[in-house]
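Here is a friendly briefing to read alongside the model. Please take a look at the fold before going on to the notes.

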Amino acid sequence: MAANSTTTAPIQIDLSLLTIVEAALIVFGMVVLGRVARRLIIRKSKETSMTWIINEDTADIVFRMFVLGGIIWALYRLGIMSYGIGPTTVGNIAFATGFFYFSYLIAKKSKDYMIMSSGKTARPETIVKAKVFYYVFITIAFFMALSFAGVSTQLSALLAAAGITGIVLGFSAQTVVSNFVSGVFMYFDKPLQIGDAVKVEDISGVVEDIRILSTRIRAWDGTLIRIPNERLFNSNIVNFMRYPVRRVDLEVGIAYAADAERAVEIIKRVLDDIPLVLVEPEPLAYVDRLDDSAVVIAIRAWAPSEKWFDVRIRIIHDVKKALDEAGIEIPFPQRVNWFANELRVKIEEPPEEENEKG
């Protein structure tokens with residue numbers, strides 16, 4: 001009984017003069033068609049409002065697709081693409097490579113458009129969204145390219161190896177991954193924006209930049225502080241600019257001998273005379289408590305958030321000046337001590353020698 005055997009047909013590579021000429025004509029024809037398509041797209045981009053998709057970059061991508069398609073077609077005509085490499089062929093690998101390359105160009109173009117379309121200064125959440133879209137698109141295109149390359153049977157083993165590698169890298173780059181994930185979560189939460197005055201734990205300043213892994217804050221003294229997004233996401237963030245208005249809270253102490261009602265009326269008039277103090281909500285001034293050395297008057301006034309500091313300084317200056325002009329004393333801390341027994345002070349006369357010298 002003859003043993004069964006499986007034979008593979010030999011690869012037919014045709015390098016005759018006629019075939020080479022046909023391959024060259026195919027490449028030439030596809031280059032010409034690509035140039036024509038490129039010119040048509042550029043011309044159309046000047047007549048349409050959809051310039052985000054019909055523009056010179058799109059024309060270049062289409063031209064490259066024609067050229068690459070012509071080269072692959074010509075190689076198929078020569079028989080080279082049928083050459084086997086392991087479980088696949090040169091043609092499958094070439095098609096998968098071309099697919100991934102053009103997917104990369106489309107993903108990059110889409111990411112750049114998303115960033116540019118948000119305005120002259122891209123918002124941090126738009127940048128994060130564009131980058132997430134880019135990486136997801138590239139990842140999907142990569143695995144589709146592996147399938148097109150004819151290695152789908154080895155894909156499960158590749159995924160298992162990638163999973164093991166991911167676990168190893170996850171332990172070694174845990175901080176980086178944690179900062180990245182926190183940056184993505186902050187994009188959806190939106191606790192702060194560039195230009196906001198914020199306080200994060202013991203750090204206060206203005207947000208300069210928000211990135212995938214970290215956020216940069218310019219402190220009030222002009223120093224730059226980089227905060228990892230993981231720490232920022234898990235911290236209590238105080239955003240002073242989140243709302244358009246913010247309240248100024250001050251306390252002024254007056255002497256017990258002073259007229260508290262008169263002092264309150266004077267402070268209210270001062271608040272009414274400051275243009276940036278909002279009428280609604282109404283500013284308040286009232287006796288809050290009795291301290292050891294003073295009667296404490298609380299001041300509550302609302303102002304635009306971006307002018308909060310200027311309004312606070314103006315209120316302090318004008319209230320102090322008005323109380324001084326009205327003769328109302330702002331006392332310093334003082335204490336009166338009472339003794340159970342009368343104190344007697346003994347004054348000793350200087351010695352006679354010192355008197356004679358004097």
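A residue is called buried under 20% relative accessible area, exposed over 50% and partly exposed in between (1.4 Å probe, protein chains only). Helices (H or I, at least four residues) and strands (E, at least two) are DSSP runs, numbered from the N terminus. This is a predicted model, in which local features need pLDDT of at least 70 and side-chain atom pairs count only at pLDDT 80 or more, while totals for chains, interfaces and linings use all residues. Residues are numbered from 1 along each chain as its sequence is written, and side-chain values use heavy atoms, leaving out hydrogens and water.

**Confidence**

- The protein chain has an average pLDDT (the predictor's confidence in each residue, from 0 to 100) of 78, and 76% of the residues score at least 70.
- Confidence is lowest in helix H5 (residues 155–172), with a mean of 57, and highest in strand S10 (residues 295–304), at 94.
- Where pLDDT is low, the predicted coordinates should not be read in detail.

**Strand S5 and its partners**

- Strand S5 (residues 214–219) is largely enclosed by the rest of the structure, because five of its six residues are buried.
- S5 pairs with strand S4 (residues 203–210) in the antiparallel sense over five bridges; pairing requires that DSSP finds at least two bridges between two strands.
- Three residues lie between S4 and S5 in their hairpin, and glycine 205 has alanine 219 in S5 as its bridge partner.
- On strand S6 (residues 224–228), five bridges join an antiparallel partner, S5, and serine 214 stands opposite proline 228.
- The hairpin of S5 and S6 has four residues between the strands, and glycine 222 there takes a positive phi near 90°.

**Salt bridges**

- The structure holds ten salt bridges, each a side-chain nitrogen of Lys or Arg within 4 Å of a carboxyl oxygen of Asp or Glu.
- Glutamate 208 and arginine 218 meet in one of them (2.9 Å, N to O). This pair links strand S4 to strand S5, ten residues apart.
- Arginine 38 and aspartate 60 form another, with their closest N and O atoms 2.7 Å apart. Arginine 38 belongs to helix H1 (residues 17–45) and aspartate 60 to helix H2 (residues 56–78), 22 residues apart.
- Arginine 38 is partly exposed at 25% relative accessible area, and aspartate 60 is partly exposed at 22%.
- Arginine 231 forms a salt bridge with glutamate 201, the closest N and O atoms being 3.0 Å apart.
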